[in-house]
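Trainee: I have a structure to look at and would like to work through it step by step. Could we start with the overall picture and then move on to single residues?

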Amino acid sequence: MRIITFGTFDVFHVGHVNILERAKSLGTELYVGISSDELNNSKKGRYPIYSQEDRMHIVSALSCVDFVFLEESLELKKDYIQQYQANMLVMGDDWQGKFDDMKLYCEVKYLPRTPSVSTTEIIEVVRHIPSNE
Ligand code: C2G
């Protein structure tokens, strides 16, 4: 049973590892599409803090992850699902309902997000730490 999921995974945190571990537990293999720097810029209006190469390196080092690839467009989900012969698409519930049209090609499951942690919040907190110098 091959699971596929997608994300930016910028400034990697515990919410990311939680969803990847829970996704893996639903099957036997976990394939992860890492949003490209350009996709992130077009989606969120800024480039990620970590480069796509570093984000792919970090996620591929996790024991629950079997394979990573670059996600170049949100519109290519069907192609990635078919290319990698995934049986189930797993996403966090911030995407609830958004990929239901993929049910034509595989199972689709949304998992609850880990509360109180996000890349955006970490960036804000770090930005406001006063310097000692
Ligand atoms: N996530 C989570 N809990 C958090 C933060 C994130 O479960 N506290 C999950 C998200 O729901 C998502 C995954 O971690 O499933 C990756 O989150 P992001 O890096 O924010 O990914 P995103 O920018 O939403 O990209 O094609 C879809 C996109 O590539 C998803």
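Predicted model: local features only at pLDDT ≥ 70, side-chain atom pairs only at ≥ 80, totals over all residues.

Trainee: How many bridges join S1 to S2?

Mentor: Strands of a sheet pair through backbone hydrogen bonds, and the pairing is either parallel or antiparallel. S1, which covers residues 2-7, runs parallel to S4, residues 88-92, and is joined to S4 by two bridges. S1 also runs parallel to S2, and the number of bridges joining S1 to S2 is six.

Trainee: Which residue in S2 stands opposite Ile4?

Mentor: Take the S4 side to begin with, where Ile4 stands opposite Leu89. In S2, the residue Leu30 is the bridge partner of Ile3. For Ile4, the residue standing opposite in S2 is Tyr31.

Trainee: How many residues of S1 are buried?

Mentor: In a regular strand the side chains alternate between the two faces of the sheet, so each face can be considered in turn. S2 is mostly covered, with six of its seven residues buried. S1 is largely enclosed by the rest of the structure, because the number of its residues that are buried is six of six.

Trainee: Is Thr119 buried or exposed?

Mentor: Thr119 lies in helix H5, which spans residues 119-127. Leaving aside residues up to four places away in sequence, Thr119 touches Asp10, Val11, His13, His16 and Arg46. Its relative accessibility is 12%, and because a residue under 20% falls in that class, Thr119 counts as buried.

Trainee: What does the side chain of Ser73 reach at 3.0 Å?

Mentor: Ser73 lies in the loop between S3 and helix H4, which covers residues 77-83. Not counting residues up to four places away in sequence, Ser73 touches Leu39 and Tyr80. At 3.0 Å, its side chain reaches the backbone nitrogen of Glu75.

Trainee: How much of the accessible area of the ligand does the protein cover?

Mentor: The ligand is surrounded by 21 residues, of which the closest are Ser35, Glu71, Lys77, Asp94 and Val117. A polar side-chain atom of Ser35 lies 2.6 Å from an oxygen atom of the ligand, while a backbone N or O atom of Phe9 lies 2.8 Å from an oxygen atom of the ligand. For Trp95, an N or O atom in the side chain is 3.0 Å from an oxygen atom of the ligand. Of the 640 Å² of accessible area that the ligand has on its own, the protein covers 95%.

Definitions and conventions:
Residues numbered from 1 in each chain as written. Heavy atoms only, no water. Helix = DSSP H or I, 4+ residues; strand = E, 2+ residues; numbered from the N terminus. Buried < 20%, exposed > 50% of the residue type's maximum accessible area, 1.4 Å probe, protein only. Contact = heavy atoms within 4.5 Å. Pairing = 2+ DSSP bridges. Near = heavy atom within 4 Å. Polar contact = N/O pair within 3.5 Å; in protein donor to acceptor, adjacent residues only side chain to side chain. Areas by Shrake-Rupley, 256 points an atom, 1.4 Å probe, with all protein chains shown as cover.
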